[in-house]
Amino acid sequence: MLELIIAVILSSIPIMLAATGELVVERSGVLNLGVEGMMLMGAVIASITVITTGSLFLAVIFGALSGLLTSIVFGFFALVLATNQVATGLALTIFGTGLSGLIGAEYVGKAIQRLEAFNIPILSNIPYLGPVLFSHNILVYFSFIIVFIVGWFLLKTKSGLVLRAVGNNHDSAHALGYSVVFIRFCSVMFGGLMAGLGGAFLPLVLTPHWAEGMTAGKGWIALALVVFASWRPLRIPIGALLFSGITVMQLVGQARGWAMPSQFLSMLPYLATIAVLVIISRNKEFSIINAPASLGKLFIAGK
Amino acid sequence: MPHTEVLLSGENITKIFGDFKANDNVNFSISKGEIHALLGENGAGKSTFVKIIYGLLKPDSGNVIWKNEIIEINGPKHARELGIGMVFQHFSLFEALTVLENISLALPEKNQSDDLEKRIEEISNEYGLQIDPKSRVFNLSVGEQQRVEIIRCLLQNPELLIMDEPTSVLTPQEISKLFEVLEKLSKSGCSILFITHKLEEVRSLTSRATILRRGKNVSTVATKDHTAKSFSQMMVGHEINTNKYKKIKIENENLLKINNLSRPAQNQFSVELKDINFSVRGGEILGIAGIAGNGQSELMEALTGEYLSIEADKIVFNGFDISNLKPNERRKHGISFIPEERIGHATVSSFNLSENFYLTDYINDNSSNYGIINTSFNYENASNIVNEYDVRVPHNNPLASSLSGGNLQKFIVGREISRKPKLLVASQPTWGVDVGAALEIRSQIIKIAEQGAIVIIISQDLDEIFLLSDLISVIYNGKLSKQFDKEKVNLEKIGLLMGGSS
């Protein structure tokens with residue numbers, strides 16, 4: 001049982017990181033559907049780095065940076081050249097899938113050294129609670145902390161207010177003199193960084209080798225998670241744990257030969273997301289306050 | 001007038017978009033404490049000019065002079081630092097945020113302080129602009145939203161306040177309150193540049209007016225020497241024949257009766273229609289006034305058949321119960337519609353005019369044979385409309401998107417009227433249309449009423465309501481007031497009803 005809980009927590013991290021990043025991107029009014037592609041780039045670069053240099057530290061850094069670099073491609077097209085965000089994001093996913101497969105071809109299946117868990121002294125010795133909460137690798141702690149930092153940044157700081165304002169009404173923000181494209185570009189890059197990090201987590205922690213397309217739809221789950229959390233940062237961890245719980249149940253079910261088809265379980269996150277969408281769209285006040293009104297809309301200055 | 005010291009002036013400002021000169025050597029100056037009107041038709045270059053002053057656009061040539069110094073305004077932030085504030089026509093507020101957050105977004109970092117809330121209160125008390133800093137903007141009425149915009153400007157102690165058509169969305173009572181605030185501001189030394197196309201306002205509020213036409217200066221005049229009529233002549237460039245508005249009253253057997261029409265709110269964004277009752281006879285024009293979002297679109301949908309009533313006998317036209325008829329079936333009964341949105345509702349922008357003609361005429365047997373579109377028939381009819389209703393087109397049978405707003409509206413009105421309807425329902429028929437086109441459209445509407453049709457005009461423009469209607473009703477929060485005879489009701493009464501008091 002304990003192992004199951006730990007497995008749920010660990011497999012929630014990639015989607016939690018990627019969704020936290022995407023939440024910031026969407027709050028600024030940009031829809032980047034390229035999360036899957038950015039995660040794959042993070043995963044492949046982290047794998048190659050650790051295989052060639054043996055440094056886990058560099059693997060984490062380069063993994064995150066490769067996500068960021070990929071997001072710059074998106075930002076350049078979707079924000080600077082104002083191309084359609086949906087099409088550009090989809091293209092980014094296809095691009096990331098292809099490119100990661102190409103550069104990772106030689107490294108497929110090679111064993112990777114795992115990121116070690118770090119036992120917090122004393123606390124990790126508490127029975128049950130210790131192994132569940134205080135005996136993880138550093139990225140797990142970081143993921144939960146970053147969610148709170150993002151929540152604080154968005155709701156309590158002036159910069160967060162500006163970011164939300166840009167996502168609410170880019171024309172007004174422009175008229176007040178804020179640089180819509182700059183603010184959005186920063187958000188997109190943060191989103192890329194987080195997606196890259198989430199991708200790096202896969203080979204470094206969950207399955208210690210690189211495999212083509214190893215994200216297996218986690219980028220899409222992360223996108224669904226943002227909506228499921230109804231753009232509120234503190235709901236991201238809850239949703240991430242729930243979604244990863246479903247994933248883990250799927251594996252358990254397959255291993256134990258449950259009668260329930262695994263396909264049914266894998267569609268649950270999307271069903272839950274649709275249910276949330278229906279619920280929040282019934283509540284006008286809630287959706288006005290939380291859903292970024294200019295999400296996905298093109299912004300062209302001076303128009 | 002003691003306005004001697006010039007605060008800001010523009011010298012030979014020119015701004016070119018592509019091959020279109022939006023501003024062509026515009027000259028303008030405003031003195032300290034002066035309220036100055038900027039007049040012109042749509043597309044005359046007013047907005048371009050103030051955007052240049054506010055730093056949103058850069059002039060291609062010419063100088064902006066602020067306190068006797070030539071300056072280059074780099075952006076809105078720079079403009080605000082200089083002391084120029086602007087209240088936009090379409091408010092630049094953030095719906096999802098609170099009043100306080102909206103205001104703090106517009107203030108420079110150094111002006112941010114914990115007592116911002118207190119300063120908002122001070123300003124709102126001083127000028128009578130009551131507002132709760134903690135409420136979210138989407139919960140505020142349009143008038144309240146404008147107050148937020150004004151307070152936001154005032155907190156920066158502006159020396160020049162630009163207001164882009166601030167009265168177009170207000171009730172007469174809100175307008176006179178706004179004017180009190182503006183006069184108070186002007187007395188305290190703040191200059192106000194006031195853009196409007198309501199000419200009576202110009203005379204009651206401003207001391208001088210600058211008139212633009214097609215991007216060029218017409219003249220700058222003292223407003224007390226002029227009348228609304230002479231202003232409109234300067235704006236349009238030729239004499240306006242308002243005799244076209246004189247309507248002959250006739251009696252006719254056509255009759256529309258609405259009986260206890262109710263409609264539940266479809267979702268949280270829509271308004272519930274409550275027990276609407278009215279009847280109109282042929283030859284009469286009923287004007288339905290009201291501030292946006294009080295049930296006009298819901299009523300329009302019920303009249304066009306886009307919303308179908310479940311119960312029978314709610315809408316009875318010439319003895320037929322049309323409550324359950326879809327738009328095209330209603331068209332067969334001789335009913336025409338002019339919806340509010342020109343593009344996307346009345347026309348398809350990427351279709352040419354003959355295709356757009358066909359879209360509301362395909363119930364007609366001549367428009368198509370066995371499902372094959374009769375291209376030449378539609379082409380001829382569309383060209384006839386273009387000629388008859390003076391639609392200015394760049395070439396034969398252009399796309400709807402290549403027409404200016406006014407010309408496209410003339411085409412739509414022509415298309416609907418050429419069908420010789422017995423009932424015409426029009427929503428905001430002259431919204432965003434220039435003076436000349438508005439005159440054409442209104443005189444066409446009057447003409448078909450004189451020929452015996454029933455006309456219903458839903459409009460937020462009170463001047464238009466009073467100009468056209470024989471009967472006036474006000475819609476407020478989904479309820480329709482009783483009908484007033486135009487001759488027996490005044491602007492104040494209608495304004496009060498629009499604001500919800502009775």
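Good morning, colleagues. Please keep in mind throughout that the structure before you is a predicted model.

I begin with chain B as a whole. Chain B contains 16 helices and 23 strands. Its radius of gyration is 24 Å, close to the 23 Å that the globule rule gives for 502 residues, so chain B is as compact as a globular protein of that length. Along the principal axes, the C-alpha atoms of chain B fill a box of roughly 70 × 50 × 40 Å.

How is chain B divided into domains? The domain assignment places residues 6-237 in domain 1 and residues 342-420 in domain 3.

Strand S1 of chain B, residues 6-17, runs antiparallel to strand S2 of chain B, residues 20-31, and eight bridges join the two. Within this pairing, B:Leu8 faces B:Ile30 of S2(B). The hairpin has two residues between the strands, and B:Gly18 adopts a positive phi near 60° there.

Next, a pair of helices. Two packed helices are described by the angle between their axes and the distance between the axes. In chain B, helix H3, residues 99-106, packs against helix H4, residues 116-127, at an angle of about 95°, and their axes are 11 Å apart. Angles of 65 to 115 degrees count as roughly perpendicular, and H3(B) and H4(B) are therefore roughly perpendicular to each other. On the H3(B) side, the contact is made by B:Leu100, B:Ile103 and B:Ser104. H4(B) contributes B:Leu116, B:Glu117 and B:Ile120. By class, this contact comprises four nonpolar residues, one polar residue and one charged residue.

Finally, I come to the contact between the two chains. How many residues does each chain give to it? Chain A supplies 14 residues and chain B supplies 19. On the side of chain A that touches chain B, the elements giving two or more residues are helix H7 (158-168), helix H8 (170-175) and helix H13 (284-290) of chain A. Which of these elements gives the most? H7(A) does, with four residues. Sorted by class, that side of chain A has eight nonpolar, five polar and one charged residues.

That concludes my presentation, and I thank you for your attention.

Note on methods
Residues are numbered from 1 along each chain as its sequence is written. Chains are lettered from A and ligands numbered from 1 in the order in which they are written. This is a predicted model: local features need pLDDT of at least 70, side-chain atom pairs count only at pLDDT 80 or more; totals for chains, interfaces and linings use all residues. Domain bounds come from an automatic or database domain assignment. Two residues are in contact if their C-beta atoms, placed from the backbone, lie within 7 Å. Ala, Val, Leu, Ile, Met, Phe, Trp, Tyr, Cys and Pro count as nonpolar, Asp, Glu, Lys and Arg as charged, and the others, Gly among them, as polar. Axes are lines fitted to C-alpha atoms, for helices over the stretch in contact, and angles run from 0 to 180 degrees between N-to-C directions. Angles under 35 degrees count as roughly parallel, over 145 as roughly antiparallel, 65 to 115 as roughly perpendicular and the rest as oblique. Two strands pair if DSSP finds at least two bridges between them. The radius of gyration is taken over C-alpha atoms; the globule rule is 2.2 Å times the number of residues to the power 0.38.
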